[in-house]
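Keep the viewer open as you read.

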Amino acid sequence: MAAVRIKDHWREQRLFDQRALIGAVVIGLATLGLIARLFVLQVSRHEYYSDLSQGNRVRTEPIPAARGLILDRSGELIAGSQPAYQLELVPEEVPDIARTLDDLVELGLIRAEDVNELERTIDSSRGFDSVPIRLRMSDEDVARFAVRRFEFPGLDIKTRQTRFYPNGNLAVHALGYVGAISEQDLKHIDRAAYAGTSLIGKLGVESAYEQKLHGTNGYREVLVNAQGRSVERQGAFVPNLKTKAPTPGDDLILAVDLKIQRVAEAALAGHRGAVVALDPNNGDVLALVSLPGFDPTLFGRGITAAEYGALQNDIDRPLFNRALRGTYPPGSTIKPGLALAALTYHTVDPQARKYCAGSFHLPGSSHIFREYHNEKHGYMDLDDAIAHSCDVYFYGLADVLGVDRIASFLAPFGFGALTGIDISGEKPGILPSREWKAKAFSKAADQMWFPGETVNFGIGQGYLSVTPLQLAHYAAIIATRGKIWKPRLVTAYRDQTGKLHAVAPQSQGEIPGVSAEDWARVVHGMIGVTQHGTAAAIGAHAPYTFAGKTGTAQVFTVAQNEKYNASAINERLRDHSWFIAFAPADAPRIAIAVLQENGGAGASAAAPIARKVLDAYLLSPDGKVKPAP
Amino acid sequence: MIYEEVTSGSRTRRTLTGAARVLFALKIDGPLVVGLALIAAYGLVVLYSASGQSMPTVLRTLARIALGTAAMLLLAQVNPNFLRRSTPWLYAAGCLLLLIVAAIGHIGMGAQRWLDLGIFRFQPSELMKLAVPMMCAWYLHERPLPPGAASLVILSGLILVPVALVVVQPDLGTAALIAIAGALVIVLAGLRVRVMLALLGLGAIGAWFGWSFMHDYQRKRVLTFLDPQTDPLGAGYHIIQSQIAIGSGGVFGKGWMNGSQAQLEFLPERSTDFIFAVIGEEFGLLGLLVLLVLYVFVVSRAVYLATQTQDTFARLLAGSIALTFFVYVFINAGMVTGLLPVVGVPLPLVSYGGSSVVTLLAGFGILMALYSRRKLIGS
């Protein structure tokens, strides 16, 4: 046993006191450490943390700007905003979501097939966020719900602004539509500027003038708690928060005249095709029709997959904008242009009468180019050849002119290029030439230009393809004897103060080198078309003189993978019918191109439609020509 | 037995006032109780704001304080010798209860910290906050100080067994507090500085070892403490938000019930573990300084009382209770201000909930009981 230690109370007391003193010192130091830390947080870095705290408690809520209206040239509403009723559900206030949805199906307010999707949406929402479960309710739906409302806690009818197209399908291919902002859209918009905006222009004017129509969203500062729920008070206090009002979008005034548009759509109704009417003096698009169309409202309220599928798979392709994107051979409507080329290059004597025996062949070739329907026109000068659309005359004319001169002469008319209309999506079509053919084909044998192709060019067949818009543009250029105006849909916009800002029409110069005499000659031939030529029946009894040209475009093929019944095939193999015109012939106020797909000859199908549109534009109700504005 | 004679025959009695006489008879230390009452009152004012102006919360806390005060007054009357003699039984009972809790938790496949006694839930780990320092003081009472190596081994065992049982609950915060309460007894007993340093070294190794036994969420807390920005929406959220609350409060605070961090619930656990940040936000640096002054006053008074007690058991236990109280304050304030990891230690007498208020006041009751057998004349 080593030395046994005995308790020494006096010493232990001193030891304890010593330790207690050390403890007190440690407490003092630790307290000073804490105070130093508090000084850093509350004094040195106070501003930094104040900013963070402010950012925490205040959320900026966007206030969407009202989208601008779209009006026609006389101020009639084409697109506006309308409050729509929608049914919204606050998940945390609904005792049994599945049962509630079932009950709504029974009430006919939602569809059974949408229930699963809705449940997913509700599940992924925050409990206090109002989830729209039925958009655009009719008054009847609203009434039906209102009666049973007490049975549906947590559900309420809310109003919200949606896009409203009072005329339905009318002019939809010019107007476009608005739809939910897609991922694609997000790539080229300023996300911050679109916070709070739910709809964006997708096509046509709605898309091209999106920036003007959209306006500037405002914001409202909202006090939020940690769950993101907006609250009135912060503890016992109501804080001071900022609000900035939104600036509504500008209203657009279109060149389109809805009266003309309606007439054109009614005249083409039941057919596939397009009508484009321009004011030749400034490029204003008076009417832009592509049929069939579709209801733009579908997209604004959220199109269902079934509805979209139906539109996509419709054999008549209602979503296809034929006016801008449909490319067709122009047929004989190209003849006035060729006549101008030949006159300008002096390769034709307009007085010289040539004999049409119903067929043409190139020297040293056995290939026969036939007259349409094997007609024999007999002796024809240039004027007659235009009026009666003599193919044989123009086979020869084109052959002498040659493809190089044709292509370079027609290029300024806008063939093979975009017209530059102020909405997107137009196709350039094809203006064939030696260079074009060398580029377009990969095999050397195909890259060579054959003289026979020039002959076909003479009657607007072969590679040449144009859109209805291009052809209207071409008619407008002839109408003004060579003045080129960029087609435009929007002529002015009105800002939120009501001030009107005119958009100046854009001149693109003139067709170079054509003499006034040659213009007159060709226009005279085109007047002949409507007086004693191919469209004489249509031009009869018109209280104004008008120049026109029929065209018939051959349909060569039908896609092999499409299946439809025999009568449909036959109908779809018929030629496309074209008609271009402008009136009054001496001082044109309107130029028009009409395409009726599979309409047959231009004179029978397209020309009557054009006449109706011209009458509607030029005549007052008493049947007299309106005085020029 | 000699103390009683000394007490009864003291001449100092004549100098006492009427009120002091009552306090003396009740074995209550006036300054300590006043300090505690001020902290509790301040805490209730803050709690009303921090709970989102919930009067029921305040009333429940008031009820707990009343219960704790009753326990304090009751324990203050207990004879220290009786307290000392019953210590091993209390300790053994506590360990047994911890085992039962662990067993129930094991069967229930989840975290288990309390026993449901029907009327109320009882946390054995709360009991151990007092039982462990008592046991250590009991063990050292008859032994020469500073403790020798053999004593240290036994003391370590006495501390680590209940601590391990609490760690597996898992309740790291309480386990740490129990260990600290026990360790403080040993330090106050005169543990040599070089032994302390050696133990700290061992502790570092132990920490590394303990890391491998930690639950993922516990590890995450430690990692997040080291760099809160790594997980701003997860475990780091608490620390970031509490620093924003304190920092944005500035010197004078945003005003009572007007702290946006607290009132809009950005501050998690605003009425419990993070209530310190609410004071910082609404009453600013000044409000926190007032609170710290109150705490330091109470701790100082308690340490002073400890130095006045007569025997080893009383000194060590009273000293441990006093210092542990400060450790609570420091760990909580350190955690909320980002100096220490988030370990879930409430701010004593201010944080809402749990049985910690009762335990704390019971501890002060014991302290006053020990002080009642003080030396009234210099030895």
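**Where the chains meet**

In this predicted model, 38 residues of chain A are in contact with 45 residues of chain B, contact being C-beta atoms, placed from the backbone, within 7 Å. Local features need pLDDT of at least 70 and side-chain atom pairs count only at pLDDT 80 or more, while totals for chains, interfaces and linings use all residues. Residues are numbered from 1 along each chain as its sequence is written, and chains are lettered from A and ligands numbered from 1 in the order in which they are written.

- On the side of chain A that touches chain B, the elements giving two or more residues are helix H1 (9-44) and helix H2 (46-57) of chain A; helices (H or I, at least four residues) and strands (E, at least two) are DSSP runs, numbered from the N terminus.
- H1(A) gives the most to that side, with 18 residues.
- Sorted by class, that side of chain A has 20 nonpolar, 10 polar and 8 charged residues. Here Ala, Val, Leu, Ile, Met, Phe, Trp, Tyr, Cys and Pro count as nonpolar, Asp, Glu, Lys and Arg as charged, and the others, Gly among them, as polar.

**A sheet in chain A**

- Five strands make an open sheet: its 5 strands follow the order E12-E11-E23-E22-E21 (chain A), with antiparallel pairing; strands pair if DSSP finds at least two bridges between them.
- Strand E12 (285-291) and strand E21 (547-553) of chain A are the edge strands, each pairing on one side only.
- Strand E11 (residues 273-278) and strand E23 (residues 590-596) of chain A run antiparallel, joined by 6 bridges, and Val275(A) stands opposite Val594(A) in E23(A).
- Helix H10 (residues 258-268) of chain A packs on the sheet, touching E11, E12 and E23 of chain A, and its direction makes about 30 degrees with that of E12(A). Such angles run from 0 to 180 degrees between N-to-C directions, with axes fitted to C-alpha atoms, for helices over the stretch in contact.

- Strand E1 (residues 58-63) and strand E8 (residues 218-223) of chain A pair in the antiparallel sense over 6 bridges, with Gly218(A) in E8(A) as the bridge partner of Ile63(A).
- E8(A) also pairs with strand E9 (residues 243-244) of chain A, antiparallel over 2 bridges.

**A kinked helix in chain B**

- Helix H6 (residues 124-141) of chain B has a kink of about 30 degrees at Leu130(B), shortly before the proline Pro133(B); the bend is the angle between axes fitted to the seven residues ending at a residue and the seven starting there.

Technical notes: Expected span 1.5 Å × (residues − 1). Contact = placed C-beta atoms within 7 Å.
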